[in-house]
Amino acid sequence: MRAGLPIIDSLELTSTAVGNENIEASLKRIAHEGVARGLTIGEAFRRESNFPLVITNLISVSEKAGHLDEVLFILSTFYESEIDASIKTLVSVIEPALLVMIGGVVGLIAMSVIVPIYQLVGQFWNMQKGFSLLELMVVLGIIILASSFSWLYLDNFTKERQLKLANESSAVVL
């Protein structure tokens, strides 16, 4: 509107950008059946039930005062902040649920790896001496710790090797 675009064209353009079929139809009716036939913008908006009463009143008053473009800009800023707040709320609700689901998947994967190892170790120790469940769990824990430490060692070794290669390649370039 500030650029000098006629109000009917502005309403048409806005209706195509909305993305909601009801609001789009309302804006087109406002443009063609309201403003094009001589109604004020406020009166045309009052005829539509898709818009809150606060918005129609603000549009009507700002049109009479000559500040319609400023009020529409303030309304757009307000609703953008409302949408941002709604999205943040939705994300804060969904995030813990996703974490629980991911934790469940990781737990299932861990169990699918640990249970066969536990059963294998249990069969081996039962054939030997018949150890207790506690002793088998200790052995399984030692196996898991040993594998974790070996992964940490290999990871650090790989990073050190990559750093050394990067330093050597940068020394060659210089």
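Helix α2 has 14 residues, which should span 20 Å at 1.5 Å a residue, and its end C-alpha atoms sit 18 Å apart, which agrees. (The expected span of a helix is 1.5 Å times one less than its number of residues.) Everything here comes from a predicted model, in which local features need pLDDT of at least 70 and side-chain atom pairs count only at pLDDT 80 or more, while totals for chains, interfaces and linings use all residues. Residues are numbered from 1 along each chain as its sequence is written, and side-chain values use heavy atoms, with hydrogens and water left out.

Zooming out, the protein chain has six helices and zero strands. Here helices (H or I, at least four residues) and strands (E, at least two) are DSSP runs, numbered from the N terminus. Of the 174 residues in the chain, 16% count as buried; buried means under 20% relative accessible area, exposed over 50%, and partly exposed in between, with a 1.4 Å probe and protein chains only. Among contacts (heavy atoms within 4.5 Å) with a separation of 6 or more, 26% link residues 24 or more positions apart.

Back in α2, the buried residues are I23, S26, L27, I30, A31 and G34. Seen down the helix axis, they fall within an arc of 130 degrees, so they line one face of α2. The arc is that of the directions from the helix axis to the C-beta atoms. E21 and N22 are exposed on the face turned away from that buried side. As for what covers the buried residues of α2, α1 and α3 are included.

Helix α1 (residues 7-18) tells its own story. Its twelve residues reach 16 Å from the first C-alpha to the last, close to the 16 Å expected. S10, L11 and S15 are its buried residues. They cover an arc of only 135 degrees around the axis, which puts them on the same side of α1. L13, T16 and A17 are exposed on the other side. The buried residues of α1 pack against α2 (21-34) and α3 (41-46).

Two single residues are worth a look. L39 belongs to the loop between α2 and α3, and counts as partly exposed because its relative accessibility is 21%. Not counting residues up to four places away in sequence, L39 touches E33, G34 and R47. S60, in helix α4, counts as buried because its relative accessibility is 4%. Leaving aside neighbours within four places in sequence, S60 is in contact with G42 and R46.

The largest pocket holds about 940 Å³. A pocket is an open set of points on a 1 Å grid over the protein atoms alone, where a 1.4 Å probe fits, with protein on both sides within 12 Å along at least five of seven lines; lining residues have an atom within 4 Å of a point. Grid points are joined across faces, edges and corners, and the volume is the space filled by probe spheres set on them. The pocket has 28 lining residues, with T14, V18, L27, L72 and S76 nearest its centre. Helices α1, α2, α3, α4 (53-65) and α5 (68-128) each supply at least two lining residues, and α5 gives the most, with nine. By class, the lining has 21 nonpolar, four polar and three charged residues. Ala, Val, Leu, Ile, Met, Phe, Trp, Tyr, Cys and Pro count as nonpolar, Asp, Glu, Lys and Arg as charged, and the others, Gly among them, as polar.
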